[in-house]
Amino acid sequence: MTTSASVPTGPEGTIARAGTVTDRLVEANESYAAAFADPGMDARPVLRVAVVACMDARLDLHAALGLELGDCHTIRNAGGVVTDDVIRSLTISQRALGTRSVVLIHHTGCGLESLTEEFRHELEMEVGQRPAWAVEAFRDVDQDVRQSMQRVRTSPFLVHTDDVRGFVFDVRSGLLREIDPG
């Protein structure tokens, strides 16, 4: 499997080809669009499921879950934590676009396990303004999955909370481990 990590780099990690990383992405999109055929889908996911997961680049959710284009809504953020914005996206996903199930995926070796809320203080000292958002750092990934499941299940905005399941993805083996909501 070829990854971006295998792309030759120049000084300071820049792509050896002319241009920026964004230029490379736009160029790749032009190739993609040249072969693109409208799949004729609408925004409603075929499997009626929303997947909330960490933004970690090691998680290829579609491959790991056997998903195809159009199967699910994918909501990603640092840690895969259920925040107010995730509730917002899930609410739209359920109420406007028909999803019924929620799958939460955290993972081993998450960067949020090494951060604390002190990160916000450091940002405030650097830029002169304290972020309005919480870091949502955690030490116990299983407990954080449980907390995220509870946030989904108790949200007054979500109408489908009976099929909410949480997992930890092992970045070394590729396996999911289901978390008992406790």
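Biologist: By class, what residues make up the lining of the largest pocket?

Modeller: This is a predicted model. Its largest pocket holds about 170 Å³ of space. The lining includes Asp84, Glu136 and Arg151, and such residues count as charged. By class, the lining has 2 polar, 3 charged and 6 nonpolar residues.

Biologist: Which element gives the most residues to the largest nonpolar core?

Modeller: That core has 23 residues. The elements giving two or more are strand 1 (49-54), helix 3 (84-95), strand 3 (101-107), helix 5 (141-154) and strand 4 (164-169). With 4 residues, the one that gives the most is helix 5.

Biologist: Which residues touch the most other members of this core?

Modeller: Take leucine 104 as an example. Leaving aside residues up to four places away in sequence, it touches Val52, Val82, Val145 and Val152, among others. The residues that touch the most other core members are Leu90, Leu104 and Val152.

Biologist: Tyrosine 32 and phenylalanine 36 form an aromatic pair; is it stacked, edge-to-face or tilted?

Modeller: A search of the whole structure finds 1 aromatic pair. Its rings lie 5.5 Å apart, centre to centre, with 45° between the planes. Stacked needs under 30 degrees and edge-to-face over 60, so this pair is tilted.

Biologist: Is phenylalanine 36 buried, partly exposed or exposed?

Modeller: Its relative accessible area is 44%. Buried means under 20% and exposed means over 50%. Phenylalanine 36 falls in between, so it is partly exposed.

Notes. Residues are numbered from 1 along each chain as its sequence is written. This is a predicted model: local features need pLDDT of at least 70, side-chain atom pairs count only at pLDDT 80 or more; totals for chains, interfaces and linings use all residues. Side-chain values use heavy atoms; hydrogens and water are left out. A nonpolar core is a set of buried Ala, Val, Leu, Ile, Met, Phe, Trp, Tyr and Cys residues joined through side-chain atoms within 4.5 Å. Buried means under 20% relative accessible area, exposed over 50%, partly exposed in between (1.4 Å probe, protein chains only). Contact means heavy atoms within 4.5 Å. On a 1 Å grid over the protein atoms alone, a cavity is a set of points where a 1.4 Å probe fits but cannot get out, and a pocket is an open set with protein on both sides within 12 Å along at least five of seven lines; lining residues have an atom within 4 Å of a point. Grid points are joined across faces, edges and corners, and a volume is the space filled by probe spheres set on the points. Rings of Phe, Tyr and Trp (its six-membered ring) pair if their centres lie within 6.5 Å; planes under 30 degrees apart count as stacked, over 60 as edge-to-face and the rest as tilted.
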